[in-house]
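Here is a briefing on pockets and domain packing. Please keep the structure open while you read.

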Number of protein chains: 2
Amino acid sequence: MIEVPTVTEDDLFGPDNLPYGVFSADGGPRRIGVRYGNHVLDLGGAAAVLDGPHRRHAALLAAPVLNPLMAAGRPVWTEVRAAVRSWLTDPGTLRLLAGRGLLPRLDDPGRPLTLHLPFEVADYVDFYASEHHAATVGRIFRPEAEPLTPNWKHLPIGYHGRAGTVVVSGTPVIRPHGQHRAPDAAAPGFGPSRRLDIEAEVGFVVGTPSPLGEPVGMAAARDHLFGVCLLNDWSARDLQAWEYRPLGPFLGKSFATSVSAWVTPLDALDGARTAPPPRSHPLLPYLDDTGGEEWGLDLRLEVLLNGQRLSGPPFAAMYWTAAQQLAHLTVNGASLRTGDLFASGTVSGPGPHERGCLLEMTWGGRDPVRLPDGTERVFLEDGDEVTLTAWAPAGAGRRIGLGEVTGRVEPARTPRSS
Amino acid sequence: MIEVPTVTEDDLFGPDNLPYGVFSADGGPRRIGVRYGNHVLDLGGAAAVLDGPHRRHAALLAAPVLNPLMAAGRPVWTEVRAAVRSWLTDPGTLRLLAGRGLLPRLDDPGRPLTLHLPFEVADYVDFYASEHHAATVGRIFRPEAEPLTPNWKHLPIGYHGRAGTVVVSGTPVIRPHGQHRAPDAAAPGFGPSRRLDIEAEVGFVVGTPSPLGEPVGMAAARDHLFGVCLLNDWSARDLQAWEYRPLGPFLGKSFATSVSAWVTPLDALDGARTAPPPRSHPLLPYLDDTGGEEWGLDLRLEVLLNGQRLSGPPFAAMYWTAAQQLAHLTVNGASLRTGDLFASGTVSGPGPHERGCLLEMTWGGRDPVRLPDGTERVFLEDGDEVTLTAWAPAGAGRRIGLGEVTGRVEPARTPRSS
């Protein structure tokens, strides 16, 4: 029996959303998929079956990864998105696609689908865009000093991370080994991290590349940004604290960064646009967004630990926007490549239940958090599973969902002798 | 008339060297080349013409980039290198290859060759492995504090850079714009960098990948490291000084990193192996190289500005070795990909004429350097051309050359309105 998807108005993955991913079934080839309710549209398969102008893009849609579609640019993204929407909202076409087996269920126990890393990551940059997060971390680590460094309100601080260890949601995270030094110790020790943490973040995925030497201004951000994912920037706080002076985080971050299997098109978030927080310092022209397009995004994140709610960080509270980050990243002439990923930094709001990492929630490990079932945590324990989810308003009282990102902590492995 | 290469015993690119690159002629396809004297062997072409066990690797050798050969692993590298050496040192084979047009001159004005970025860069990491450099920079920037941070002697400090802006030798370097703040200013200014600098470095290129979660110990370094290049990590000191707290360098480095067009196989440097400097602090077992394979490398670098010698940094003085850097980079379980590039950090020796960057040579811009022709520099001026070269002992009194890396500074471009 053919199952035709039924998607109700309050479904988080209805026709206003249509995120892209990459899936395979039964060990078969990887295919681009579009999530619709609890089903996945086989995009390349659908494009081959249906007539229309999208046929010009058949090769992009039949690729095993999103990069060729991402590289094709905004006019193609718009055209493909409109075509998919028209197919899924036309009952006859929907039945036809379901009948051809091009709309499998995501959770069919008889034929489980595997979701893969949806795009090849080129460069990965991590920003530090939440004032609440940066100020709290400053108070924890440098209680004697100003919470924010002098540059914080003048530029979106960021650094490059390891692209090769960006993994898809569901990939286990092995507790890393590394050097850490106790406050009173003369020399560092070595062993599994004892302060393993999460960072709830939002990632922005670059589609259209840009040439070396040509900055991409804020007004061009929409042409370059393909979409948005959720991201967990796993962090070993003890490794990070010992290594980060003077050149920044390295092994404390590079062991794993998890991204959601679904990339939400930027266009699906038009209903979530909002003004960013008021700017307390005047900005240089290339970052000054007063009076321009509103690049704040009203995404409501939720952090779950073993299925229990830890916090609800509000993305709308972020000081620096994706457009400002893109403008800053390229103002020195750095080029963009298709697949560049830049993340927001930990999303934290002003309230105690709006923090995006355990470092903040526990005030540097001092105050355990208590979960609804009564268990307590300071940092992550082996076996802990962390899930980030989010939704966004989509206009007319509707909402869309962002694909979740989840990962379970596996115990540290005994190192082989070198 | 066919020109058969004649390579004398003192040629820096003789049969003991045989570095790999990628070239094209007349806008034709990219081909892997092996440098021999002042000629380039067309590797894929030669492999197709000659019989032998190398035929099994024909696809790797005919690729337009080194990555497939790099991924094939050490036994294949050894086999291919031995085959190329046997071809080039056999007069009959050499004549045959020259006769087929498979040994073009590098500098034939009638048929100029273009040298390309020889490998696709996966992740780029920059270390900070010269004690002399780190201590001098510490003294310049933090005169009131200890020159080295407390972690410096316990781990090779490093950070991720931008892989997408690694460019091949000869690519012009456009002076970057960015934020900088004068010491007495209340707010940052914006404009072209006024403190544009070089960093003379050596880059190590990863061939064999490694899986997530499995550290690569020092004893396995030889199996993973394909070769060595020269690298200029162009640096805008004014951008860097303002942005780098607390997460490290970003735009001050990400506008361009130049690498030589030739990658010297690790095996060609066996004659340059030497003991690293004595370790002043005991090292954790995964970094302890006392009594093991000697990973110091006696490379003699030379820094030229507009053809005039600026300095001669000795690579043998580097405190941390490539094997230690690889072990550290992966000790947290981070995976390696083919094409990962990690650089040594600025190579500086103890003497005043052994420094690898203008920041050190001019003591932070205070004392101009005087060139042999009488001109002076504090930082780089528009039109300046910087070239790094190096040679290494190859046993029996012979030497091998590392391919040069060169770049000319172009004036900043007027930014487009955002």
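By residue class, 15 nonpolar, nine polar and 11 charged residues make up the lining of the second largest pocket. The model is predicted.

**Second largest pocket**

- Its volume is about 970 Å³.
- The lining of this pocket counts 35 residues. Nearest the centre lie Phe141(A), Arg237(A), Gln240(A), Ala241(A) and Trp242(A).
- Three elements of chain A each give two or more residues to this lining: β5 (124–127), α6 (131–141) and α8 (237–243).
- α8(A) provides the largest share of the lining, with five residues.

**Largest pocket**

- The volume of the largest pocket is about 1300 Å³.
- Its lining has 45 residues, and the closest to the centre are Gln240(B), Ala241(B), Trp242(B), Tyr244(B) and Arg245(B).
- At least two lining residues come from each of β5 (124–127), α6 (131–141) and α8 (237–243) of chain B.
- Here α8(B) makes the largest contribution to the lining, five residues.
- By class, the lining of the largest pocket splits into 22 nonpolar, nine polar and 14 charged residues.

**Domains of chain A**

- Which residue ranges does the domain assignment give for chain A? Domain 1 spans 20–116, and domain 2 spans 124–410.
- The centres of domain 1 and domain 2 of chain A, taken over C-alpha atoms, are 30 Å apart.
- Domain 1 of chain A brings 20 residues to the contact, and domain 2 of chain A brings 20 residues.

**Interface between the domains of chain A**

- Domain 1 and domain 2 of chain A bury about 1600 Å² between them. Carbon and sulfur atoms account for 66% of that area.
- Which three residues supply more than any other three of the area that domain 1 of chain A buries against domain 2 of chain A? They are Tyr20(A), Met70(A) and Arg74(A), which supply 40% of it.
- The rule finds one salt bridge across the interface of domain 1 and domain 2 of chain A.
- Arg74(A) and Asp267(A) form a salt bridge, with their closest N and O atoms 3.0 Å apart.

Methods: Residues numbered from 1 in each chain as written. Chains lettered and ligands numbered in written order. Predicted model: local features only at pLDDT ≥ 70, side-chain atom pairs only at ≥ 80, totals over all residues. Heavy atoms only, no water. 1 Å grid on protein atoms, 1.4 Å probe; cavity = no way out; pocket = protein on both sides within 12 Å on 5 of 7 lines; lining within 4 Å. Points joined across faces, edges and corners; volume = space filled by probe spheres on them. Helix = DSSP H or I, 4+ residues; strand = E, 2+ residues; numbered from the N terminus. Nonpolar A, V, L, I, M, F, W, Y, C, P; charged D, E, K, R; others polar. Domains from an automatic or database assignment. Contact = heavy atoms within 4.5 Å. Buried area = accessible area lost by both parts, 1.4 Å probe. Salt bridge = Lys/Arg side-chain N within 4 Å of Asp/Glu carboxyl O.
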